[in-house]
Every structure is written in structure tokens, then in C-alpha cells.
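Dear colleague,

Here is the structure that I promised to hand over to you. Please have it open while you read the notes that follow.

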Amino acid sequence: MGNQSVTDLLPKELLEQIQEYAEGKVIYIPKKKTNKSHWGTNTDTKKYIAERNHQIYIDFQNGMNAQQLSEKYFLTKKSIQRILKQERL
């Protein structure tokens with residue numbers, strides 16, 4: 001969404017109240033818990049990572065070891081081991 005001017009978002013009376021507490025400050029107003037979405041919901045990242053992890057497992061089954069996979073996918077050896085463990089389930 002990016003930054004927006006508070007004068008475009010809030011009624012004048014509310015802005016004046018906020019100025020009493022935070023005049024000249026940059027503040028962040030978090031979303032309500034009910035409006036939050038889960039990680040990866042708005043992008044294809046979750047799908048990309050699932051496909052990448054599956055390919056890592058296939059490469060492992062085809063003979064690549066954790067060190068080779070680590071170098072190929074630019075991940076730590078520990079991350080590769082974690083992915084392999086998850087994919088086995």
C-alpha cells in the first residue's frame with residue numbers, strides 16, 4: 001500500500017487528537033488480528049518454495065548429497081537437512 005498522508009485518511013478531529021500524542025512522529029498502525037492474512041497468501045512464494053523443496057528431495061533421491069544440494073540451491077546444509085526431513089513425511 002505504501003505511505004499515505006494522514007490528512008487523506010483520518011477525519012480532522014481525530015488527527016488533532018493524535019497530534020496531541022505523536023505530533024511530527026512517524027507511526028505505524030497495525031492491522032487488526034482478524035484482518036491479518038497468513039504468510040504467502042498474497043503471493044506465489046509459498047507455492048515456489050514448496051516446488052523448490054520437492055525438487056530438492058527429488059535431487060536427493062537421485063544421488064545428490066546435502067552438501068551438493070546446499071551449493072546448488074544456495075541454502076545451508078542444515079536447511080537442506082530440514083527440508084529433506086519434511087519431504088520424507
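In what order do the elements of the protein run from the N terminus on? They run α-α-α-α-α, and the secondary structure comes to five helices and zero strands, where helices (H or I, at least four residues) and strands (E, at least two) are DSSP runs numbered from the N terminus. The radius of gyration, which is taken over C-alpha atoms, is 23 Å, well over the 12 Å that the globule rule (2.2 Å times the number of residues to the power 0.38) gives for 89 residues, so the protein is more spread out than a compact globule. Along its principal axes, the C-alpha trace spans about 65 × 25 × 20 Å.

Please keep in mind that this is a predicted model, in which local features need pLDDT of at least 70 and side-chain atom pairs count only at pLDDT 80 or more, while totals for chains, interfaces and linings use all residues. Residues are numbered from 1 along each chain as its sequence is written, and side-chain values use heavy atoms, with hydrogens and water left out.

Of the 89 residues, 18% are buried, a word that means under 20% relative accessible area, whereas exposed means over 50% and partly exposed lies in between (1.4 Å probe, protein chains only). In soluble globular proteins, nonpolar side chains tend to be buried together.

Leaving aside neighbours within four places in sequence, Ile56 is in contact (heavy atoms within 4.5 Å) with Leu69, Tyr73, Leu75, Ile80, Ile83 and Leu84. Ala66, which is found in helix H4, is buried with a relative accessible area of 13%, and, not counting residues up to four places away in sequence, Ala66 touches Lys77 and Ile80. Ala66 and Lys77 are eleven residues apart in sequence, and 5.9 Å apart in space from C-alpha to C-alpha.

Finally, please look at Phe74, which is found in the loop between H4 and H5 and is exposed, with a relative accessible area of 74%. Phe74 has a positive phi of about 55 degrees although it is not a glycine. Most residues other than glycine have a negative phi.
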